[in-house]
Amino acid sequence: MAYVIDQSRCINCSWCRRECPTDTIHYFDQEVRKHKIDPQYCIDCDICARVCPMDCISHEPAVVPDAQSLAAGKMRARAWARDRRQLKLGIRAYAESQVLKIARNGS
Amino acid sequence: MTRALKERVDSREAKREPPYRTTMELTPEQQKALAEKLGGIQNYNPVVLREMARKDRRFFAPLIMSILSAEFRGIDFFGRFVVDTEDEVPWHMTLGVARQTFDESRHTLLNMKLLEHLGSSVGEYPDIILGPQRDDIPPEELDPAILLARVNVALEGFALTTFEEIRALAEQTGEEMVAHCHDYNMADEVTHVALGDYWLEKLSQVQPWRKERARAAQQEFESNIAMVRQMARSYMAASTPSEATPSGNGN
């Protein structure tokens, strides 16, 4: 199963593309100036549907990626999650160190 | 016959009072005071401030000022767009962008009140100016479709994520007023992206070359944002003391 974007309602805000853990939502390389999900690497994570401000992304049971692509998609998602978590923790650690520094300096 | 708007408006250079005042324009004493308040001038950016606000409510004020600064620029940009492109675009597009200018003014007022609610006021923190100034844009890039792609579609698209992240943070930390206002702002941003996308498509139907140039401008904008983020990431990784361990699970 995979998700599809209703092309007539998509406003190209790019939110889904930026959040997609498998980098399978395309825009700049599309003939039509619209966002499109490549079903081959869609892992049904539902993130795109949840962030879409137009509610124009839906689950399409008829579209089924092959097992190999699905496995590759999951690999990509794991790497994405690791990278994102590292980034989030890195920013948080830095911010906390700054707050502590300010408190120590008595500002 | 009615004269065009740009003939009727005052031709003197537009001035903002108080004027834009970036961190670079502060006096050395003011820069020192800001650095003491925030742990360094480099921390005056929404990504770091959001995490600092998670630890200490005081940092919501500079975070809101960073957003307010962008709203001021929004009024400037869309207001000028209305006047500059009036002869080139359909009148109902001008009306749409004028409505957007009004939205940005409303956001400005909302964020100014939020600052007061947080115990601060305009002037306590400087402006954050990201990206090129309007006057730095080369004339060939002043095409309405390209401007729409850069600002309405690309920039406002990023703003959606920023507002949602601030709203979620405010909700988690019990800042109900901030959460409420940013939820409200975000609804307007969705309209702005939709408006930009609609008119970009319409303008491109008449002149198809605009579509590719606009898309390239959007891609360039995103690459620049990615580059700035990567630089920030490297800086933070290099400056974080190894003993600092973040609390929470990172979700």
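Student: What makes B:M52, B:F60 and B:V178 stand out in the largest nonpolar core?

Tutor: Of its 44 residues, these three touch the most other members. A nonpolar core is a set of buried Ala, Val, Leu, Ile, Met, Phe, Trp, Tyr and Cys residues joined through side-chain atoms within 4.5 Å. The largest share, eight residues, comes from α4(B).

Tutor: A word on the source: this is a predicted model, where local features need pLDDT of at least 70, side-chain atom pairs count only at pLDDT 80 or more, and totals for chains, interfaces and linings use all residues. Residues are numbered from 1 along each chain as its sequence is written, chains are lettered from A and ligands numbered from 1 in the order written, and side-chain values use heavy atoms, without hydrogens and water.

Student: Which residues is B:M52 in contact with, leaving aside neighbours within four places in sequence?

Tutor: Among them are A:A95, A:Q98, B:L38 and B:F59; contact means heavy atoms within 4.5 Å.

Student: Why does B:Q100 count as buried?

Tutor: Its relative accessibility is 0%, and buried means under 20% relative accessible area, with exposed over 50% and partly exposed in between (1.4 Å probe, protein chains only). Therefore B:Q100 counts as buried.

Student: What makes the link between the side chains of B:Q100 and B:N152 a polar contact?

Tutor: They are joined at 3.1 Å. A polar contact is a pair of N or O atoms within 3.5 Å; within protein, one must be able to donate a hydrogen and the other to accept it, and residues adjacent in sequence count only if both atoms are side-chain atoms. B:Q100 also touches B:F78 and B:H192, among others.

Methods. Helix = DSSP H or I, 4+ residues; strand = E, 2+ residues; numbered from the N terminus.
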